[in-house]
Amino acid sequence: MASNLDTLVTVFGGSGFVGRSVVRALCKRDYRVRVAVRRPELAGHLQPLGKVGQIHAVQANLRYPASVEAAMRDAQVAINLVGILAEGGAQTFDAVQAAGAGAVAKAASAVGARLVHVSAIGADENSPSHYARAKAAGEKAVLSASPTATVLRPSVVFGPEDQFTNRFASLARMSPMLPLIGGGVTRLQPVYVGDVATAVADAVDGKTKAGATYELGGPEVLTMREIMRIILATTERRRMLVSLPFGLAKFQALFLQFAPGPLKLTPDQVELLRADNVVSDAAKAAGLTLEGLGIAPDSLQAIAPQYLWRFRAAGQFQRVI
């Protein structure tokens, strides 16, 4: 019987937040992992996730198909995790999430490799959000070049080093109030990064349906207001939650898109919050979910305390208002 050590998996974007968990999950299942990133010299933090020689970093940029093809050489499986939350320079949504996704799919198809493509719930070619339209274009390009590819669409992903819960916890440390764009009624289904990584590894194992699109969400559907309350309770901070109309939020984002760190907010991110980000009834009915893969998802309230403790206020517990 062939061992997973005989299988080389190329992970595009393997050094990022989701990528670290995916690489760890693959190493635990004894796959050989080639991490394809723009700056391989900065991917040294991945080495402790596997055994000696199990992880190898190479240079690849999705905007340059030749580098993608080189990264796919001799690989049996490809995983594309590359995505951006905001555009910058040549790193545009169309270049990275649409054309870049297509480049990975074409390279995988050329060598006969299976492909696992990680997109996002909300990918929609008719969305007012450029991010969501580019995600949809990427899915279309992937399935055109590799019809048997597995597409995984997670809701907002949380966990250590995420740009979601950590961002708001950081804001709560510096500001007496937190904004609720659109009143905080947008519904999300936060999914733990470890559960997403397990789903990716299961797809590599061949447990997913060829050509199918899975939607990955956590065990609870929460509004942004409820999520903020969980973050504040976990970090033991008392902060005022202030409703911010979409129009005003988008106007402020014209300036905040140039802000550093947790203050950064782009007009496109405001557009994303106009629509709920939850697993569809169709995906549930078809079993194309975490539960359909036999994965019992972890909740935000169960996992967040494990890493948000560092944002806790010193001294006595403070109630959330």
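## Salt bridges, a greasy patch and a pocket

At 10% relative accessibility, Glu-271 counts as buried. Glu-271 sits in helix H9 (residues 267-272) and Lys-250 in helix H8, so the bridge ties together parts that are 21 residues apart in sequence. Lys-250, for its part, is partly exposed, with a relative accessible area of 31%. Bear in mind that this is a predicted model.

How many salt bridges are there by this rule? The count comes to 10.

| Salt bridge | N to O distance |
|---|---|
| Arg-29 and Asp-205 | 2.4 Å |
| Asp-30 and Lys-51 | 3.3 Å |

Take Arg-29 with Asp-205, a salt bridge at 2.4 Å. Arg-29 comes from the loop between helix H1 (17-28) and strand S2 (32-37), while Asp-205 belongs to helix H6 (residues 193-205), so this pair links parts that are 176 residues apart in sequence. Both ends count as partly exposed, Arg-29 at 24% relative accessibility and Asp-205 at 31%.

Then there is Asp-30 with Lys-51, a salt bridge at 3.3 Å. Asp-30 lies in the loop between H1 and S2 and Lys-51 in the loop between S2 and strand S3 (55-59), so they connect parts that are 21 residues apart in sequence. Asp-30 is partly exposed at 28% relative accessibility, whereas Lys-51 is exposed at 53%.

Which residues make the nonpolar surface patch of about 410 Å²? They are Leu-248, Phe-251, Leu-254 and Phe-255. Phe-255 lies in helix H8, which covers residues 246-256. With a relative accessible area of 54%, Phe-255 is exposed; the cut-off for that class is over 50%.

Finally, the second largest pocket holds about 160 Å³ of space. Among the lining residues are Phe-93, His-130, Gln-257, Phe-258, Lys-264 and Asp-268. Ala-86, Glu-87, Thr-266 and Pro-267 line this pocket too.

How values were computed. Residues numbered from 1 in each chain as written. Predicted model: local features only at pLDDT ≥ 70, side-chain atom pairs only at ≥ 80, totals over all residues. Heavy atoms only, no water. Patch = residues over 30% accessible without salt bridge, like charges linked within 9 Å, V, L, I, M, F, W, Y side chains within 5 Å. Areas by Shrake-Rupley, 256 points an atom, 1.4 Å probe, with all protein chains shown as cover. Salt bridge = Lys/Arg side-chain N within 4 Å of Asp/Glu carboxyl O. Helix = DSSP H or I, 4+ residues; strand = E, 2+ residues; numbered from the N terminus. Buried < 20%, exposed > 50% of the residue type's maximum accessible area, 1.4 Å probe, protein only. 1 Å grid on protein atoms, 1.4 Å probe; cavity = no way out; pocket = protein on both sides within 12 Å on 5 of 7 lines; lining within 4 Å. Points joined across faces, edges and corners; volume = space filled by probe spheres on them.
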